[in-house]
Structure formats: structure tokens, C-alpha cells
Amino acid sequence: MHNIQANYNLKELNTFGIEAFSKYFCSFDNTDQLKELLQLNNVRNEEKLILGGGSNLLFTKNFEGIVLKNDIPNIDLVSEDANEITLKVGAGVNWHEFVMYCVNNKYYGIENLSLIPGSVGAAPMQNIGAYGVEVKNVITLVEAIEITSGETTSFKNNECSFDYRSSIFKTTHKNQFVISYVHFKLSKQPDFNISYGAIASELEKMKVQELNIKDISQAVINIRSNKLPNPKEIGNAGSFFKNPVVKNDIVEAISKEFPEAPIYKVNDNESKLAAGWLIEQCGWKGKQIKNYGVHAKQALVLVNYGGATGKEIYDLSESILQSVKEKFDIELEREVNIY
Ligand code: FAD
Ligand code: NAP
């Protein structure tokens, strides 16, 4: 039996804490249940939104369709040898809990991705990344159910078109598949990456003598807890915009006018600019409008102090886009999924 509920309040299911209602709502915790659901007439004809932890979306209006909440559990062993382990993880598993499972078992590769909110199933969507590590480095296979046919299919890593905060699931295949399981290959040998951001200085502060997975994970947790608003206290969905990757001529013009601008070379022709810095230069950092605004410690994060509407936050993002366009002639792209 499927417990399909009508006029469902999504406020507790999105980290922005936006009050929005879906016409219908149902959760599922296995693929058979999902396939049955997708065949029901009143589900088949509705627009669908697959929901994980709701930490990378903004509801700008009520959702006039069915929200299907993915609660598929479990971490299962696929294969293991002396050097590597492959795990098959249910899309509904909480991402940070999975990272902690790996940290505690000394499976190396995703410790820099500690404390990212959301579900395992959403991780391939935008190829989650932080501190110089992207999840594409460890994903071997994505299992998914096609929404229209209900058929199970799978995508090897090289079939997912993983890119900076992007994959086929966010682009060409958007809204076509429900990711059910993700396979991860992790190393049993340490190969740490602490060169990015504040990790090394945080480890020094923690007085860590010998590098180890637990302390690196803890360093990331400390930095993040200090800098990012906790969605349980202040509504947000992390970085609202992607960092723009721009051609050398634009980079040269910006660095001439702003020698202090953070610029990270991507290849011989392009560099990445920090969107947070661009937004800050436009005067938005820490700005509060009624009960929403731009976070004081990281201008990339838009916040809902309580009671804001998704439309207000979307309009704020539009104003920010326009400011950056006017000042730098750069068009920022939203990272957060808008509904
Ligand atoms: P949701 O918000 O539920 O969904 C996001 C999108 O994916 C939606 O379009 C949804 O339909 C789709 N989707 C979700 N699950 C599935 C599925 N099983 N099958 C098909 N489609 C699905 N992101 C980073 O990359 N790096 C960071 O460092 C980072 N830090 C963050 C910090 C904070 C404080 C917050 C609030 C967010 C942060 N994020 C970060 C963004 C977010 O946590 C990630 O993108 C996360 O992977 C979203 O997972 P979710 O389950 O909450 O996805
Ligand atoms: P930060 O360390 O203050 O750095 C600012 C920006 O500079 C980041 O966006 C990062 O790009 C870039 N950067 C820093 N060091 C770099 C290096 N050595 N090489 C290339 N680029 C570098 O950023 P932060 O806000 O505290 O975030 C720390 C990490 O967590 C970042 O990787 C960020 O992406 C991630 N994060 C993501 C979200 C999200 O919702 N997507 C939210 C919070 C934090 P990158 O973003 O490309 O890494």
C-alpha cells in the first residue's frame, strides 16, 4: 500500500525552510515500491519531483504534482581486496552518515566531503564537491529507475558526464531518472588532499601531529561549522551560485582592476573566479532585507531568517545576478535547483 498524501507541507523537507505545498506526497524505501508507484494512474499523470534531503532546492511556489521522497536505505559490500573496497549505497542514506561510516572504517577518498547535507542519491546530481575533492572521483556506477518506463538502468562513471557541479542528471537527463543506488570505490590506502582552503591551518590549530582520516574529516567539520549557517538554525541551501569559469581576457581585465581578486587556473585558456568574492564586491555580503538576505561570512549563501518566501529569495538572487553582470560583465549561474 502506498500512503499518498494530499496538500503536503514541504517546510520541514527543504533546508531553506520555505513553506510550500505539494499537490501529493509519497515516500518510498525500495525500488519495487517506487516502480509500483510510478505505474499508478494518478501518479503517472502528475509532474514529479524526486526529493532527497531538500538541501539544494528552492521552492518559489507550490508544487503542482507529486513529490516522491527517496528513503532507500543500506550500505552493502560489492567487492573488496587489500587496496580497495566497493560499496553499494542506497540513495536515501544521509550523505554525512555515509562519510562517517567510511571515516570510521578508514575507507579513504571522501573525508574532505564531510558535513555536506543531503542524501547519497543526490550526490551524483551535481557531482558534489568541496576542498578539492569531487564525488566523481569515487563513483563507479549509478543505478537508476527511468520515470516513464519504470525500468532499471545503470550508468557507469564515464556515462554520467560529470563536470564542475554538473552531470547528465542535472542537464540532458534532468527529471527522467530516479537514482536508486550509487556505487563507490574507496581506497584502503591514505592519499590525503589538505592543500585546499583552510584545512592545513585548521589541522595546525588542532595540533595534529600525524595526518589521519579522522582528523582531516574533523578539520573540515570545524571549518564548515564555523563558516556556514547551520540549516537547522538559519534556512539556506549552501552556495546559491556556481563559481564562474571565464576566459583569460576577462581574467586579465579583472586582475588588472582588482589585483586581490581570487583567481584559480582551470586550463591554459580559462580560470575560475570565486562567485562569493564577486558578490561581495557588489556590496551584498551580510545584507539583510526583511527576514532574508546574504550570509555575513560567505556571500555565496542566501539565507532565510524565518518566514521568507521562495519568491523573495529568488528575486534577491536575480538582483545579485544583475549587479555582478553590471559590475563585472559576468553572468553567474544558479547552482540551487529552482521549483
Ligand atoms: P535535494 O535538495 O533533495 O535535491 C536536489 C536535486 O536533486 C533536485 O533537483 C532533486 O529532484 C534531485 N534529486 C535528489 N535526489 C535524487 C534522486 N535520488 N534521484 C534523482 N534526482 C534526485 N553541495 C556541494 O556540492 N558541496 C558542498 O560543499 C555543499 N555544501 C553545502 C552546505 C550547506 C549548509 C547546504 C545547505 C548545502 C550544501 N551543498 C553542497 C548543497 C547540497 O547539500 C548538495 O547538493 C546535496 O547533494 C543535495 O542533496 P539533497 O539530498 O538534499 O538533494
Ligand atoms: P573558500 O575556501 O573560502 O574558497 C572560496 C572559493 O575559492 C571556493 O569557492 C573555491 O572553489 C575556491 N578555492 C579555494 N581554494 C582553492 C584552490 N586551492 N584551488 C581552486 N579553487 C579554490 O570556500 P568556502 O566557501 O569556505 O567553501 C569551502 C569548500 O566547500 C569549497 O570547495 C566549496 O565549493 C565547498 N562548499 C560548497 C557549497 C555548495 O553548496 N556547493 C557550500 C559550502 C561550501 P570551489 O567551490 O570550486 O571549491
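Residues are numbered from 1 along each chain as written, with chains lettered from A and ligands numbered from 1 in written order. In this predicted model, local features need pLDDT of at least 70 and side-chain atom pairs count only at pLDDT 80 or more, while totals for chains, interfaces and linings use all residues; side-chain values use heavy atoms, without hydrogens and water.

Student: Into which domains is the chain divided?

Tutor: The bounds come from an automatic or database domain assignment. The chain is divided into domain 1 (5-70), domain 2 (75-187) and domain 3 (235-338).

Student: Between which domains does ligand 2 lie, and why?

Tutor: The shell around ligand 2 takes residues from two domains. Because both give residues to that shell, ligand 2 lies between domain 2 (75-187) and domain 3 (235-338).

Student: Which residues come nearest to ligand 2?

Tutor: A residue is near a molecule if one of its heavy atoms lies within 4 Å of it. There are 17 residues around ligand 2, and by class they are 6 nonpolar, 6 polar and 5 charged. In this scheme Ala, Val, Leu, Ile, Met, Phe, Trp, Tyr, Cys and Pro count as nonpolar, Asp, Glu, Lys and Arg as charged, and the others, Gly among them, as polar. The nearest are Arg-165, Tyr-196, Lys-227, Lys-272 and Gln-298.

Student: How much of the accessible area of ligand 2 does the protein cover?

Tutor: Polar contacts here are pairs of N or O atoms within 3.5 Å. A polar side-chain atom of Tyr-196 lies 2.6 Å from an oxygen atom of ligand 2, and one of Gln-298 lies 2.5 Å from an oxygen atom of ligand 2. Accessible areas come from the Shrake-Rupley method with a 1.4 Å probe. On its own ligand 2 has 790 Å² of accessible area, and the protein covers 79%.

Student: What share of the accessible area of ligand 1 does the protein cover?

Tutor: The shell around ligand 1 has 35 residues, with Ile-50, Ser-55, Ser-119, Arg-224 and Tyr-339 the closest; by class they divide into 18 nonpolar, 15 polar and 2 charged. Backbone N or O atoms approach ligand 1: that of Gly-52 lies 2.8 Å from an oxygen atom, and that of Ile-179 lies 2.8 Å from a nitrogen atom. Of the 990 Å² that ligand 1 has on its own, the protein covers 95%.

Student: How much area do domain 2 and domain 3 bury between them?

Tutor: The centres of domain 2 and domain 3, taken over C-alpha atoms, are separated by 27 Å. Contact means heavy atoms within 4.5 Å, and 6 residues of domain 2 are in contact with 4 residues of domain 3. Buried area is the accessible area (1.4 Å probe) that two parts lose on being put together, summed over both. Carbon and sulfur atoms carry 39% of it, and the total is about 500 Å².

Student: Which residues of domain 2 lose the most area to domain 3?

Tutor: Three residues together make up 75% of what the domain 2 side buries. They are Tyr-164, Arg-165 and Lys-170.

Methods: Polar contact = N/O pair within 3.5 Å; in protein donor to acceptor, adjacent residues only side chain to side chain.
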